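Visitor: I'd like to learn how to read a few features of a model like this one. Could you take me through them?

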Amino acid sequence: MKPSQKKKEFFYRKAKKEKYRARSAYKLIELNKKYKLIKPGDIVLDCGAAPGSWSQVALDIVDKTGFVLAVDVLPVAPLQGPFKFLLADLNKKTTINKIKKSLPRKADIVMSDAAPEFSGIKERDAGLTLQLNKKILNITKEILKPKGNFICKSFQSSELNGFIDEVKQIFKLVKKSKPRASIKKSPEIYIIAKNKN
Ligand SMILES: C[S@@+](CC[C@H](N)C(=O)[O-])C[C@H]1O[C@@H](n2cnc3c(N)ncnc32)[C@H](O)[C@@H]1O
């Protein structure tokens, strides 16, 4: 078995054992441990949430006093705790109003693990991912409270720096991070942004 397959298998088994819906859970757990992004009582918007492992991780942290709103074009089965699911396309203009109506107040954190279906054609996949990233950043500008945090999965490409520059205009601290549970050869990369202006 290749090292990348071994790693996938390791986190897959761990997720099964620990009752997470996907191995992606460990990416958020690591990013949150390193950058301290989510805290008890937070209002969280989870973009591209299906099957729901990031929402599971967030619910464990925010506890009963917080709230997690999950958005996806695919269904997310109900989760225990202060949780709501919205079936919506983040690329559509009308989605922002649906999100606003579903949140009890402005969010403390917006996190996105959303990614379009990859075709294997690098330019196309990078382009579609950045387009989606920009839509999510626009939503974030409106619904995230000042001093709030942002995590966004993106795609390593020549255009990524342009997106990072946009993020830097809105947040005081911006970093790139590749968690251990992310396969090395995968082009995915996480943008971590803290302290919204
Ligand atoms: C890698 S999965 C997310 C896994 C999730 N974080 C978890 O831990 O369970 C990416 C998700 O992004 C969603 N997605 C892609 N494009 C979207 C869009 N335009 N609007 C909403 N969701 C989208 C997909 O349907 C898919 O469920």
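Visitor: Where is Lys 19 found?

Guide: Lys 19 is found in the loop between helix H1 (3-17) and H2. Helices here are DSSP runs of H or I with at least four residues, strands are E runs of at least two, and both are numbered from the N terminus. Residues are numbered from 1 along each chain as its sequence is written. This is a predicted model, so local features need pLDDT of at least 70 and side-chain atom pairs count only at pLDDT 80 or more, while totals for chains, interfaces and linings use all residues.

Visitor: Is Lys 19 buried or exposed?

Guide: The idea is to count other C-beta atoms, placed from the backbone, within 10 Å of a residue's own: 20 or more is buried, 12 or fewer is exposed, and in between is partly exposed. Lys 19 has 9 other C-beta atoms within 10 Å, so it is exposed.

Visitor: What about backbone angles?

Guide: Most residues other than glycine have a negative phi, and most peptide bonds are trans. Lys 19 has a positive phi of about 65° although it is not a glycine. Asn 195 has a positive phi too, near 70°. Asn 195 sits in strand S7, and with 14 C-beta neighbours inside 10 Å it counts as partly exposed.

Visitor: Which residues does a cis peptide bond join?

Guide: Ala 50 and Pro 51, with omega about 5°. Pro 51 lies in the loop between strand S1 (43-47) and H3.

Visitor: How do I read a pair of helices, say H2 and H3?

Guide: Start with the axes, which are lines fitted to C-alpha atoms, for helices over the stretch in contact; angles run from 0 to 180 degrees between N-to-C directions. The axes of H2 (residues 25-35) and H3 (residues 53-62) come within 8 Å and cross at roughly 40°. Under 35 degrees counts as roughly parallel, over 145 as roughly antiparallel, 65 to 115 as roughly perpendicular, and the rest as oblique. H2 and H3 are therefore oblique to each other.

Visitor: Which residues meet there?

Guide: Two residues are in contact if their C-beta atoms, placed from the backbone, lie within 7 Å. From H2 you have Ala 25, Leu 28 and Ile 29, and they meet Ser 53, Trp 54, Gln 56 and Val 57 in H3. By class, that gives five nonpolar, two polar and no charged residues. For the classes, Ala, Val, Leu, Ile, Met, Phe, Trp, Tyr, Cys and Pro are nonpolar, Asp, Glu, Lys and Arg are charged, and the others, Gly among them, are polar.

Visitor: And H4 with H5?

Guide: The axes of H4 (residues 95-102) and H5 (residues 122-143) come within 11 Å and cross at roughly 40°. Ile 96, Ile 99 and Lys 100 of H4 make the contact with Ile 139, Glu 142 and Ile 143 of H5. By class, there are four nonpolar, no polar and two charged residues.

Visitor: Which residues have the most contacts inside the largest nonpolar core?

Guide: In soluble globular proteins, nonpolar side chains tend to be buried together. A nonpolar core is a set of buried Ala, Val, Leu, Ile, Met, Phe, Trp, Tyr and Cys residues joined through C-beta atoms within 7 Å. The largest one here has 48 residues, and Val 44, Cys 47 and Val 68 have the most contacts inside it. Leaving aside neighbours within four places in sequence, Val 68 is in contact with residues including Val 44, Leu 59 and Phe 83.
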